[in-house]
Amino acid sequence: MDRPARLARQITAALDAAGHTVAAAESLTAGALCQVLAEAPGASAVLRGGVVAYATELKEDLLGVDAALLREHGAVDAGVAAQMAEGVRRLTGAWYGLATTGVAGPAPQDGHDVGTVFVALASPHGTSTARPRHDARDRDGIRRAAVLAALELLHGVLRPPAD
């Protein structure tokens, strides 16, 4: 079993034990984060759903990301990721909201190089963001790195026991 699948299983078990739920707002990962979460046994008890907001205007319209923030910084930004996570949490009623945004290529976007990734986690206790470093250079690798980073962000908050 690969690391994302193992993390998803641990996250699912920890969320279920706590009676909490999760939802994801995805741009860069285009649904891959929800897919990994959904494949964990017991996911139906904890995964509320997800929003793939690939287009910038959907980040604003569906998730409530501030239009001025999007105009000033573009969609590839830690603040955008934070507002995406908060928006999906609000939209779905989940305890936790995860978000991914970044540049998978083939060209830079919003002044950010290919490989730039931002992830965020929102909960009733606040919102945190991360700009994970990784070695991936191809689109699939960058997306896998973003999924892993989002899972690690949530796992770090839950701190479930390893299986």
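I started at Pro 106, which sits in the loop between E3 and E4. The model is a predicted one. I looked up the peptide bond leading from Gly 105 into Pro 106 and found it cis, with omega near 20 degrees. I noted for reference that most peptide bonds are trans.

Staying in the loop between E3 and E4, I went to Asp 110. Asp 110 is not a glycine, yet its phi is positive, about 50 degrees. I have its relative accessibility as 38%, so Asp 110 counts as partly exposed.

Thr 116 belongs to the loop between strand E3 (96-102) and E4 as well. Is Thr 116 buried or exposed? Its relative accessibility is 6%, so I put Thr 116 down as buried, the limit being under 20%. I then checked its side chain, which reaches the backbone oxygen of Asp 113 at 2.8 Å. Beyond neighbours within four places in sequence, I listed Val 76, Thr 101, Gly 102, Val 103 and Arg 131 as the contacts of Thr 116.

**Another positive phi**

I looked next at Ala 30, in the loop between strand E1 (22-26) and helix H2 (32-38). Ala 30 has a positive phi of about 50 degrees, although it is not a glycine. Most residues other than glycine have a negative phi. The relative accessible area of Ala 30 is 42%, so I recorded it as partly exposed.

**Helix H5**

I checked the length of helix H5 (residues 78-92) against 1.5 Å a residue. Its 15 residues should span 21 Å, and the end C-alpha atoms are 21 Å apart, so the two agree. At the start of H5, I found a side-chain oxygen of Asp 77 within 2.8 Å of the backbone nitrogen of Gly 79. Just after H5, Gly 93 takes a positive phi of about 75 degrees.

Which residues of H5 are buried? I listed Val 80, Ala 81, Ala 82, Met 84, Ala 85, Gly 87, Val 88 and Thr 92. A general point I kept beside this list is that an α-helix has 3.6 residues a turn, so residues three or four places apart point the same way.

Leaving out neighbours within four places in sequence, Ala 85 touches Gly 97, Leu 98, Ala 99, Ala 120, Leu 121 and Ala 122. I also looked up the pair Ala 85 and Thr 127: they are 42 residues apart in sequence, and their C-alpha atoms are 8.0 Å apart.

**Strand E4**

Ser 123 lies in strand E4 (residues 117-123). I have Ser 123 as buried, because its relative accessible area is 14% and the limit is under 20%. Past its neighbours within four places in sequence, Ser 123 is in contact with Arg 89, Trp 95 and Tyr 96.

**Helices H1 and H6**

Last, I looked at helix H1 (residues 3-18) and helix H6 (residues 139-158). How do their axes cross? They come within 10 Å and cross at roughly 35 degrees. I noted the crossing of H1 and H6 as left-handed. From H1, the contact is made by Arg 3, Pro 4, Leu 7, Gln 10, Ile 11, Ala 14 and Leu 15. From H6, I listed Leu 148, Leu 151, Glu 152, Leu 154, His 155 and Leu 158. By class, I have 9 nonpolar, 2 polar and 2 charged residues in the contact of H1 with H6.

Key
Residues numbered from 1 in each chain as written. Predicted model: local features only at pLDDT ≥ 70, side-chain atom pairs only at ≥ 80, totals over all residues. Heavy atoms only, no water. Axes fitted to C-alpha atoms, helices over the stretch in contact; angles between N-to-C directions. Helix = DSSP H or I, 4+ residues; strand = E, 2+ residues; numbered from the N terminus. Left-handed = near helix turned anticlockwise from the far one by under 90°. Contact = heavy atoms within 4.5 Å. Nonpolar A, V, L, I, M, F, W, Y, C, P; charged D, E, K, R; others polar. Expected span 1.5 Å × (residues − 1). Buried < 20%, exposed > 50% of the residue type's maximum accessible area, 1.4 Å probe, protein only. Polar contact = N/O pair within 3.5 Å; in protein donor to acceptor, adjacent residues only side chain to side chain.
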